[in-house]
Structures are given as structure tokens and as C-alpha cells.
Amino acid sequence: MKTSNPVLARLGQAAERERSAGYAPPGQYGYGQPGIPQQYPGQPGSPVAPAATGTMTLDDVVVKTVALLGILGVSAAAAWVLVPDALLGVAWIGAAMVGLVLGLIISFSRMANPALVIAYAVVEGAFVGLVSKVFETRYDGIVLQAVVATFGVFFVMTMLYKAKVIRATPKFVKGMIAVMAGLFAVMLINFVLFLFGVNTGLRDGSPLAIGFSLVVIVVAALSFVLSFKEVEDGVRMGLPARYSWTAAFGIVVSLVWLYLELLRLISYFQGDD
């Protein structure tokens, strides 16, 4: 089973090695063998039910995503309450760097690691909580607005994907990966220049900044399509159940990215107190 998602392709290769080493449960046969029909758990005629196979299911991903969001929320609340105002800047930069490293490790790892995914949720939660506190201090009510908008966009994208209005074709996937890589590079360069006192106009509330934020929001919203496709393909490929943590991680990353960018965009229209 092939996929156009390079990260998922690596996960599929890892799962294939596990099956070759004898991971596949009794009754799950014919996987990739010439001349033998490929069967997936839950299909008519499949000898093993999904609950008995230990393979990834949509319900697994939903449960893991909710769990990660719960962990992230608790971590965010704790950071908001416990970190002194004098240490906000240092704390959120440190959390951002650690979260970035963990995210890259998870994204490019060939094996699913639930412990790393949970650690990412804790660290990223602290980062989100601290950034949210800074924005809420300056713009009353902005956090609630951003949260509502984030889940609103997520719901819309879920409906569009389910209705097949937006489809993750190979060209779409490759294009999205290229665009996201480009945006990441631009934002990283902009952040470095900001540290040296250089204002590029991308984050100062100007019309250029508003336009840039709108582009980022659109890309972040479309990134859900990649996550949905990853889940769909992962279930169809029969990945081991623990890979649901990796799929849930992808959804949480997109939610956090979208939330932070919406937070920034809304702040542009609030004005300084």
C-alpha cells in the first residue's frame, strides 16, 4: 500500500518491518504477498475483528487526540498560573525550542513513540499557556475568541474533507509540504532577524502582516487535510495501534499552529490598550 505522504510512508515501512518480524496477529494474512488478496480488519471475510488485531483505528486516533488536547490544556493552565510574569519571556522561548526539537524528532522518527508525543503535549501546552497569558493580558477575551475560531475552522475542514470537497491528491500533498516548509523557513528567518532588531513587517500589524497571517491560517487549515489523509491511510495500511499517537500528534500540531496564528491575527484588530 503506497502513500504520497513521506512521513506516513516511513511509518508504513516501519510497520512492514514489524509484520515481517512476526508482529502481525494471527489471521492477518496476505499483506503484500503476490497472488493473495489483501484483507484489512473489519472488511467482509476478514478473519479478525479490529479489536483483536491491535491495529490502528479511527476511534484510536480520536481518543488519543482528545487525550493529547487534555494534557496540553492542563499544562497550559499550569504554566499560566505557576510561571511568574518576570519569567514569561524566558519560559516561553525555552518551551518553544524544546517543543520544536521534540516535534522534529517525532516527525522524522521511523518508530511511533507515545512517551515522546505525550512529552510534546506537555511542553507545547506550557508554551501555548504562556503565550496566551501574554496576549490575554493585553487584549481581554482574545484567548476565548481564538479557541472558538480554531475549533470552528477544524470543524469546517472536517466537513469539507468528509464531503470530499477537498481531497488529498498526490499533487496537493507535495504542494502542501513544499508550502509549509517554505513558510517555516520564512518564519524562522523573520524570528532571527527580530532578535537582531530587524523589522521585516511580517509581524507588526501592518497590512503586510495581516496578509501574511491570513496566508498562514489558510495553510494551517489545509494541513488538516494531510492529517486526515494520514489517518485514513494508516487505518487502511493496518499500522499497529500505537501509531495512532503519531496521527493524533499531527492533528494537535495543526491545531496549535492555527490557534497561535489566529491569536496573532485577532490581536491586530484589537489595538493596544
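User: Why is valine 62 called partly exposed?

Analyst: Its relative accessible area is 44%. Buried means under 20%, exposed over 50%, and partly exposed in between, with a 1.4 Å probe and protein chains only. So valine 62 counts as partly exposed. Valine 62 is found in helix H3, residues 58-82. This is a predicted model: local features need pLDDT of at least 70, side-chain atom pairs count only at pLDDT 80 or more, and totals for chains, interfaces and linings use all residues. Residues are numbered from 1 along each chain as its sequence is written, and side-chain values use heavy atoms, with hydrogens and water left out.

User: How far apart are the C-alpha atoms of valine 62 and alanine 247?

Analyst: They are separated by 9.5 Å. Along the chain, the two residues are 185 apart.

User: What makes lysine 164 count as exposed?

Analyst: Its relative accessibility is 54%. The cut-off for exposed is over 50%, so lysine 164 is exposed. Lysine 164 lies in the loop between H6 and helix H7 (170-195). Its phi is near 60 degrees, a positive value in a residue other than glycine.

User: Which secondary structure does the chain have?

Analyst: It has nine helices and zero strands. Helices are DSSP runs of H or I with at least four residues, strands are runs of E with at least two, and both are numbered from the N terminus.

User: Why are H6 and H9 called oblique to each other?

Analyst: The axes of H6 (residues 142-162) and H9 (residues 243-268) cross at roughly 130 degrees. Angles under 35 degrees count as roughly parallel, over 145 as roughly antiparallel, 65 to 115 as roughly perpendicular, and the rest as oblique. The crossing angle falls in the rest, so H6 and H9 are oblique. Their axes come within 9 Å. The crossing is right-handed.

User: Which residues make the contact between H6 and H9?

Analyst: From H6, they include Ile142, Val143, Ala146 and Phe154. From H9, they include Ile251, Leu255, Tyr259 and Ile266. Contact means heavy atoms within 4.5 Å. By class, the contact has 14 nonpolar, three polar and no charged residues. Here Ala, Val, Leu, Ile, Met, Phe, Trp, Tyr, Cys and Pro count as nonpolar, Asp, Glu, Lys and Arg as charged, and the others, Gly among them, as polar.

User: How many of the residues of the chain count as buried?

Analyst: Of the 273 residues, 41% count as buried.

Methods: Axes fitted to C-alpha atoms, helices over the stretch in contact; angles between N-to-C directions. Left-handed = near helix turned anticlockwise from the far one by under 90°.
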